[in-house]
Each structure stands twice: as C-alpha cells, then as structure tokens.
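Reader: I've got a structure to look at and some questions. Can we go through it together?

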Amino acid sequence: MTCTDFLSQLTDYFDGQVDPTLLAEVQTHVRECHHCEVVLDTTRKTISVYREHEIYEFPTELRERLHTAIMKKCTGGR
Amino acid sequence: MPAIQSPDAIEIHPDVALVERAKNGDTAAFEQLVRQYERQIFRVAQHITQNREDAEDIAQDAFLKAYEKLDQFQGNSKFSTWLVRIAVNESLMRLRKRKTSKTVSMDQDVQTEDGSIPRDFAEWRPNPEQLYGQSELGDILRKTIQGLPPGFRTVFTLRDVENLSTEETAEALGLSVPAVKSRLLRARLQLRERLSRYFKQKDGGPKP
C-alpha cells in the first residue's frame, strides 16, 4: 500500500468502514510509515479539537434575542 | 409461509409529533422545535458565513422558511437535517451576495489541490490543549477554519463540528456520499496542515 492509497482510505478508516480485506494493509502501512502515522494522528486531533471546542459563543442574551426574533418573524407575534 | 417479522415498535423521532402539531397550527410545538435547533442553525450559519450578524439573519430566515414550508416536509429525512439544509442554502446565498467572496458554490473548490497533500509531518506534542489556553486556542481555531474555502468549511462543519453522519451531510448539501467523502478528506487535510503551524512540536523541545 502506498501513502496515496492510505490517504484514500483515511475517511473510511475514521468511520470504521474500511473494507475488511484492506484493513490489515492499512494498519500495516501506518505501523511502517511514520509520515502516515503522523498524518493519521494529527488529522484525528484536528477533528477532535474542533469537536470539543465551541469556537463561537452563544450567550444567553444572544439566544433570547434570536429566539424572540425568530418567533416574531414566523408567527407575527401571535 | 413464514410470517414477516415486524419490529414491535418502530422508533419514531419525537420531532415527528412536534412537526405534525406545528403543521396543524400549534405554535407552541413549533417554538419547541425552534428552541431545540436555534443554536445549531445559528452555529452552522456562523461557520459558513464567518459573520455573526449574517448568522442571526440567516437563522431567522431559515426558521421562517421552514415554518412556511412545513407542509412540504415529508418526514423522509430527520427534521433537523431538513432544517440544516435550508440554513446551508441561505448561508451560501448570503456569501454569494458578498462581493468579496469568489468561491461560494459547493462545486467550485474541488479543483484546488492546495493543502490537500500532506507536507508537514511533525508530531503535535504536547496536545494543543496543553500548548495553548482556551482563549488563544479559540482564536487559532477560528482563524484557521476561516481560511478554508467555503465549500470545504461547510462539509467539515456539518460532519465534524455538528456530527451529522456522512449520509445526512450529503442530504443537507445535495451532494452524493462519495462527493462528501472527498471534500471532507480535503477539508480535514487542509485544516491539519494549517493547524500544524501552531501545534507542531517545536525544534529544540525537551529531549527524551
């Protein structure tokens, strides 16, 4: 398996959807290729750092203003 | 003839009942749906447009559209996915209106290979959270995702920030599953490459 082959499997690998016949090859490649091992690890960290950090705040004041505006727009204040 | 086994109870999403009530004019039911999803819709819009005022407008417009088109919601997909799809369309439309933005369709960014081929192979140690404080980390994450082309940013937001499945992301964006997977790979790799500037192990770090 080449590094390009490995990259093409990366999305399925994260989803646990790599074809079983390929999985062993993917795992062997990661063990043997330090670059791909790093790409796998840092891509995983890229996903988790965005998943775990709310980068845009949603303070109560904003939520209330937005909620009121949405309901007013939709129901005309009914 | 063997009887066809039907499951005792098909799991029905609680939104289905709320949508039915809202269709029949129950505004309290609609308000419940708004409460459940206003934050998510706002966040999706803010990720795509990178602008808080725009995101507020889009959230209002998206819920209004959903309210007006409730009858068209057939329940083939989750209500939340349907709603996200409306918000994504509104957000992309808003970007198109901005004169400064060039690439705003889901198709235009695909040509670029920029940053999709890994070049930085430094490890991230220690972890980003150990390297930066909350506020500094937030700045880095905002700045980095801002630099991503809108089409990639959108796929990454739905799949990795909002945690939609690949199939739901495809549905919300009107793309095929393979198209979502290909964009997602590029989005993740581009982000990884850009974040590596901040997170990679510095030379001269602690020796083992």
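Reader: Let's start with a helix. How many Å apart are the end C-alpha atoms of helix α3 of chain A, and what should the helix span?

Author: This is a predicted model, so treat every value as computed from it. Helix α3 of chain A covers residues 34-52, which is 19 residues. At 1.5 Å a residue it should span 27 Å. Its end C-alpha atoms are 27 Å apart, so the two agree.

Reader: Which residues of α3(A) are buried?

Author: Cys36(A), Val38(A), Val39(A), Thr42(A), Thr43(A), Thr46(A), Val49(A) and Tyr50(A). They cover an arc of only 155° around the axis, so they sit on the same side of α3(A).

Reader: And which exposed residues are on the face turned away from that side?

Author: His34(A), Arg51(A) and Glu52(A).

Reader: What covers the buried residues of α3(A)?

Author: Parts of both chains. From chain A, the cover includes α1 (3-14) and α2 (20-32). From chain B, it includes α5 (128-131), α6, α7 and α9.

Reader: Let me pick a residue in chain A. Where is Phe6(A), and is it buried or exposed?

Author: Phe6(A) is in helix α1 of chain A. It has 20 C-beta neighbours inside 10 Å, so it counts as buried.

Reader: What does Phe6(A) touch?

Author: Leaving out residues up to four places away in sequence, Phe6(A) touches Met1(A), Val26(A), His29(A) and Cys36(A). Take Val26(A). It is 20 residues from Phe6(A) along the chain, yet their C-alpha atoms are separated by 6.3 Å. Cys36(A) is one of the buried residues of α3(A).

Reader: Back to the two chains. How many residues does each put into the contact?

Author: Chain B gives 37 residues and chain A gives 28. On the chain B side, α2 (27-49), α3 (52-68), α6 (134-146), α7 (150-161) and α9 (177-199) each supply at least two residues.

Reader: What classes are the residues on the chain B side?

Author: There are 19 nonpolar, seven polar and 11 charged residues on the side of chain B that touches chain A.

Reader: Now chain B itself. How many helices and strands?

Author: Nine helices and zero strands. What share of the chain is buried? Of its 208 residues, 39% are.

Reader: Which residues touch the most other members of the largest nonpolar core?

Author: Ile41(B), Ala45(B), Ala59(B), Leu83(B) and Ala87(B) do, in a core of 60 residues. The largest share of this core, nine residues, comes from α2(B). Domain 1 (14-97) and domain 2 (108-199) of chain B each give at least three residues to this core. In soluble globular proteins, nonpolar side chains tend to be buried together.

Reader: You said domains. How many Å separate the centres of domain 1 and domain 2 of chain B?

Author: 24 Å, taken over C-alpha atoms. The two domains do touch: 11 residues of domain 1 are in contact with 13 residues of domain 2. On the domain 1 side, α2 and α4 (79-97) of chain B each supply at least two residues.

Reader: New topic: the backbone. Which peptide bond is cis?

Author: The one from Arg125(B) to Pro126(B), with omega near -5°. Pro126(B) lies in the loop between α4 and α5 of chain B.

Reader: Which residues have a positive phi without being glycine?

Author: Gln50(B) is one, with phi near 60°. It sits in the loop between α2 and α3 of chain B. Asn163(B) is another, with phi of about 65°. Its place is the loop between α7 and α8 (166-173) of chain B.

Reader: Why does Asn163(B) count as exposed?

Author: Because Asn163(B) has 10 C-beta neighbours inside 10 Å, and the cut-off for exposed is 12 or fewer. Gln50(B) has 19, so it counts as partly exposed.

Key: Residues are numbered from 1 along each chain as its sequence is written. Chains are lettered from A and ligands numbered from 1 in the order in which they are written. This is a predicted model: local features need pLDDT of at least 70, side-chain atom pairs count only at pLDDT 80 or more; totals for chains, interfaces and linings use all residues. Two residues are in contact if their C-beta atoms, placed from the backbone, lie within 7 Å. Helices (H or I, at least four residues) and strands (E, at least two) are DSSP runs, numbered from the N terminus. Ala, Val, Leu, Ile, Met, Phe, Trp, Tyr, Cys and Pro count as nonpolar, Asp, Glu, Lys and Arg as charged, and the others, Gly among them, as polar. The expected span of a helix is 1.5 Å times one less than its number of residues. The arc is that of the directions from the helix axis to the C-beta atoms. A nonpolar core is a set of buried Ala, Val, Leu, Ile, Met, Phe, Trp, Tyr and Cys residues joined through C-beta atoms within 7 Å. Domain bounds come from an automatic or database domain assignment.
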